[in-house]
Amino acid sequence: MATSRYILDNALDAVGNTPIIRLDKIAAEEGLKCNLLGKVEFLSVGGSVKDRIAKAMVLAAEKEGRLIPGQSVVIEPTSGNTGIGLAMACAIKGYSVIITLPNKMSREKEALLRALGAKVIRTPDGEPWDSPNSHIGVAQRLQREIPHAVILDQYGNVRITARLARANPYSQQVNNPLAHEYATGPEIIDAVISTPSSPLRPSSMKVDALIASAGTGGTITGISRALKKTHNSDCIVVGVDPVCVIHCPFSHFLTPSMIAFGSPYVVEGIGYDFIPEVLSRDPGDVDTWLKTTDEEAFKAVQRLMRKEGLLVGGSSGSALSGTLTWLKSKQGRKFADTEGMNVVVLLPDGIRNYMSKEWFLNLALRSEPSPLADQSDELEASMRRASL
């Protein structure tokens, strides 16, 4: 969570500044010599990496005069986390909010949105993104029909003034990628270069690789630019997507087995049936793309919980699964086998939003307990026998 020695003016001041945590137990199980590091975004005040762009978009729209107190209605099509960030920001700022949310997204997300004062409209899952019945199509119709309605548009808000954004990462001109280029990326760099190398914990003192799952694509685009432009031009950036979507804009990364169009996937918040405008088409920004399955993602979630104590959501599992797959590849192997290499995986959100989902209940309540749990069962049984 954002930390400060001072009293903060409001919750928006607690967005970002999330920690990077060593994933040493998983690294040891995988036989990795590199430093495997997790950027833990669920510790932001609203619970996800999307807090950052929600804050940036609201402050930018206010400065531009697009949001008018007492009049404007904020509308946003979302998988949930951006909506939660916007609802939080608008609760603080005093704007009405309407969120259009696909049916597959969790009840927890809807409950949180409503708790923050947002109106939630559910939309069918199977509609193409450009259908009038999709969450994007419904939001666009509502904007046309409701006076003073504004869509801040996480997928396509690409109007930028980089000089102003650099001076203030939450200024009036910041869009989705720039919020990460001038805030999230520098946080990662600062944490790595501020941690001394030692014989016990060697470090290259650079971010050598960054792996992130892709939703709108703004996070991976912005962080990549921060790393490659100002820190380490040789940093490898890896994008991770569900198997049945086509986020990757470069066909040479894809094989027919990597895409099964029309197949449903359970992990929320990543992958679309179109390439958002904010996802960079520059092949220098994202070096390679990997596909992950739901099963791989949820197994990785369980490892992060049981081995590292991190209560992450499904897209974090996708990111870790993709990371471990990449580290076994020809490109990734040299990183895996080199002491001191810093491999950062972005963990976008926490389990709070998914606790009623079947995949989590199966993981939490129906999976094998840890060995310590077995020992406690034996102790409990012996205590009952002793009391007889």
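I began at His135, which sits in helix H5, residues 135–145. The model I am reading is a predicted one.

Is His135 buried or exposed? I found a relative accessibility of 9% for His135. The cut-off for buried is under 20%, so His135 counts as buried.

I noted Ile99, 36 residues away in sequence, with 8.7 Å between the C-alpha atoms of Ile99 and His135.

Next I went through the rest of H5. I listed His135, Ile136, Gly137, Val138, Ala139 and Leu142 as its buried residues. An α-helix has 3.6 residues a turn, so residues three or four places apart point the same way. What covers the buried residues of H5? I found that the cover includes four strands: E3 (73–77), E4 (96–102), E5 (119–123) and E6 (149–151).

**Whole chain**

I stepped back to the protein chain. I counted 13 helices and 10 strands in its secondary structure. The chain has 388 residues, and 55% of them count as buried. I put its accessible surface at about 17200 Å², with 55% of that belonging to carbon and sulfur atoms. I also checked contacts between residues at least 6 apart in sequence, and 71% of these join residues at least 24 apart.

In soluble globular proteins, nonpolar side chains tend to be buried together. I looked for such groups here. The largest nonpolar core holds 40 residues, and Leu36 and Trp326 have the most contacts inside it. Which helix gives this core its largest share? I found helix H9 (residues 294–308), with 6 residues.

Setting aside neighbours within four places in sequence, I recorded contacts of Trp326 with Ala209, Ile211, Ile236, Val238, Thr288, Leu290, Gln331, Gly332, Arg333 and Phe335.

**H2 against H7**

Last, I examined how helix H2 (residues 50–64) packs with helix H7 (residues 176–193). I read an angle of about 130 degrees, with the axes 9 Å apart. That angle makes H2 oblique to H7. I logged the crossing of H2 past H7 as right-handed.

Which residues meet there? From H2 I listed Arg52, Ile53 and Ala56. On the H7 side I listed Asn176, Ala179, His180, Ala183, Thr184 and Glu187.

Methods. Residues are numbered from 1 along each chain as its sequence is written. This is a predicted model: local features need pLDDT of at least 70, side-chain atom pairs count only at pLDDT 80 or more; totals for chains, interfaces and linings use all residues. Side-chain values use heavy atoms; hydrogens and water are left out. Helices (H or I, at least four residues) and strands (E, at least two) are DSSP runs, numbered from the N terminus. Buried means under 20% relative accessible area, exposed over 50%, partly exposed in between (1.4 Å probe, protein chains only). Contact means heavy atoms within 4.5 Å. Accessible areas come from the Shrake-Rupley method with a 1.4 Å probe; for residues, only the protein chains shown count as cover. A nonpolar core is a set of buried Ala, Val, Leu, Ile, Met, Phe, Trp, Tyr and Cys residues joined through side-chain atoms within 4.5 Å. Axes are lines fitted to C-alpha atoms, for helices over the stretch in contact, and angles run from 0 to 180 degrees between N-to-C directions. Angles under 35 degrees count as roughly parallel, over 145 as roughly antiparallel, 65 to 115 as roughly perpendicular and the rest as oblique. A crossing is left-handed if the near helix is turned anticlockwise from the far one by less than a right angle, and right-handed if clockwise.
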